[in-house]
Amino acid sequence: MERLVARWAAKDTAGLSRLFADEVRWWTAPVAGAPWPAEVRNPREVESFFLGFRAVLELTGITTRDLLVDDADAVLTGRLHARVRATGAPLSYDFALIVGVHRGRITDFRMHADTLAIARALAQDVPPVSP
C-alpha cells in the first residue's frame, strides 16, 4: 500500500503498473465521460487507467486517514486532492482503497470515491442531488 500511494503521488504510472500481478481483479465506480478505462485486467490497463486519470486531473496530494492491514489485504481511507487540468479548478474527495496482494504483487484493487464530485469537476452534465 505504501508503494502504491507513493508511486501514485509521484505520478509514476509505469512504476504503478509494475506493482500489479499479470491478472488483476479491479473495480472502480464508473464516472461518466472519464477518459480512463472502466475495465482493467492487467498491468498495461492499470497504466492506462492512471494515464487517463492524469490526463484530466493533476494530483496535488493524498491525505491518508486510516490504514487497516489483515495479512495480505489492506484498506486505506483518505482524501485525494487534485486540480482539473481543463479549468484549473481544485478538487478534493474522500476515498477508500482496498487492495489484496499475492506473492508481492497487487491482485485485487477496489477504489471507492465520490464519483459525483469527480463528474462535476470534469464538467459532465450531472443532475443535482435530491434533498
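Student: Are Phe20 and Trp26 buried or exposed in this structure?

Tutor: Both Phe20 and Trp26 are buried. Buried means under 20% relative accessible area. Keep in mind that this is a predicted model.

Student: How many aromatic pairs are there, and what makes two rings a pair?

Tutor: The count comes to 11 aromatic pairs. Ring centres must lie within 6.5 Å. Phe20 and Trp26 are one of these pairs, at 5.9 Å centre to centre.

Student: Why is the pair of Phe20 and Trp26 called tilted?

Tutor: Their planes are 45° apart. Stacked needs under 30 degrees and edge-to-face over 60, so a value in between counts as tilted. Trp36 and Phe49 also form a tilted pair, with centres 5.8 Å apart and 55° between the planes.

Student: What does the pair of Trp36 and Phe49 tie together?

Tutor: Trp36 lies in the loop between β1 (20-28) and α3 (43-56), while Phe49 sits in helix α3, so the pair ties together parts that are 13 residues apart in sequence. Trp36 and Phe49 are both buried.

Student: Which residues form the aromatic cluster?

Tutor: Trp8, Phe20, Trp26, Trp36, Phe49, Phe50, Phe53 and Phe109 form one cluster.

Student: What is the order of the elements from the N terminus on?

Tutor: The order is α-α-β-α-β-β-β-β-α. That gives four helices and five strands.

Methods: Residues numbered from 1 in each chain as written. Predicted model: local features only at pLDDT ≥ 70, side-chain atom pairs only at ≥ 80, totals over all residues. Heavy atoms only, no water. Phe/Tyr/Trp six-rings, centres within 6.5 Å; stacked < 30°, edge-to-face > 60°. Buried < 20%, exposed > 50% of the residue type's maximum accessible area, 1.4 Å probe, protein only. Helix = DSSP H or I, 4+ residues; strand = E, 2+ residues; numbered from the N terminus.
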